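Let's take a walk through this structure together. Have the sequence and the 3D view open as we go.

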Amino acid sequence: GLDVDPIESAKTKERLRNQGFGEDIFTVRLQNFADIDKVVRDTGKKLDFVLADLGVSSMQIDNPERGFSYKIDGPLDLRLNPQTGESAAERLKKVTEEELVGMLQENADEPYARQIAKEIILTRHQGKPIETTKDLHEVIKSALKFIHKNDFDATVKKSSQRTFQALRIDVNEEYEVLYELLEKIPRL
């Protein structure tokens, strides 16, 4: 079993061991599934099948320290492995408006991508940090202030969910690692 998340990977490993799945039955590796060719090389065995679990789990979303949800304030991180790469807050400090629009459209089909991207850049230029989940949620609310009050809360909720999803996909390069996995599977 491959997992890039050191926090949830350790919990899964312990849970499986407690249920009698020893190392001889199930091995857990802290590794991205894009590196599946290295596993095959290391073990010297071809694969019979591959089961890829894509996305995040409720355990990640429910932990405010991980920054996967705007519902509870926490650091705007969104990394599956918080020990590598750059957080979503770091990413937002560098990204251009056009990159943001593309990210929101491609990764989440966000209908208000342009307005949200513009507000993120404006907030950044005003010197206001976007470092927490609440900060980003507030920026989204500000970007959508033109929405009629009857639809405002529901629209902000959906746009926040989509924005967090788009950033998570970007920060973790989820499409790139999936494509890499899919390219390698036929040979393995």
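**Starting at E8**

Once neighbours within four places in sequence are left aside, E8 is in contact (heavy atoms within 4.5 Å) with M59, Q60 and R66. You'll find E8 in helix α1, residues 6-18; helices here are DSSP runs of H or I with at least four residues, strands are E runs of at least two, and both are numbered from the N terminus. With a relative accessible area of 4%, E8 is buried; buried means under 20%, exposed over 50% and partly exposed in between, using a 1.4 Å probe and protein chains only.

A quick word on the ground rules. This is a predicted model, where local features need pLDDT of at least 70 and side-chain atom pairs count only at pLDDT 80 or more, while totals for chains, interfaces and linings use all residues. Residues are numbered from 1 along each chain as its sequence is written, and side-chain values use heavy atoms, with hydrogens and water left out.

Next stop, F26, which sits in the loop between α1 and β2 (29-30). F26 is partly exposed, at 31% relative accessible area.

Now for helix α8. Its 23 residues should span 33 Å at 1.5 Å a residue, and the end C-alpha atoms are 32 Å apart, which agrees; the expected span is 1.5 Å times one less than the number of residues. Even so, α8 has a kink of about 25 degrees centred on T155, the bend being the angle between axes fitted to the seven residues ending there and the seven starting there. Among the buried residues of α8 are F152, T155, V156 and S159. What covers the buried residues includes α4 (88-94), α5, α6 (113-125), α7 (133-143) and α9 (174-184).

How do α5 and α8 meet? The axes of α5 (residues 97-108) and α8 (residues 149-171) come within 8 Å and cross at roughly 100 degrees; axes are lines fitted to C-alpha atoms, for helices over the stretch in contact, with angles from 0 to 180 degrees between N-to-C directions. That makes α5 roughly perpendicular to α8, a label for angles of 65 to 115 degrees. On the α5 side, the contact is made by M103, L104, N107 and A108, and residues of α8 including R162 and D170 take part too.

Finally, look at D170 in α8. Leaving out residues up to four places away in sequence, D170 touches R91, M103 and N107. D170 and A88 are 82 residues apart in sequence, yet 8.5 Å apart in space, C-alpha to C-alpha.

Terms used
Angles under 35 degrees count as roughly parallel, over 145 as roughly antiparallel, 65 to 115 as roughly perpendicular and the rest as oblique.
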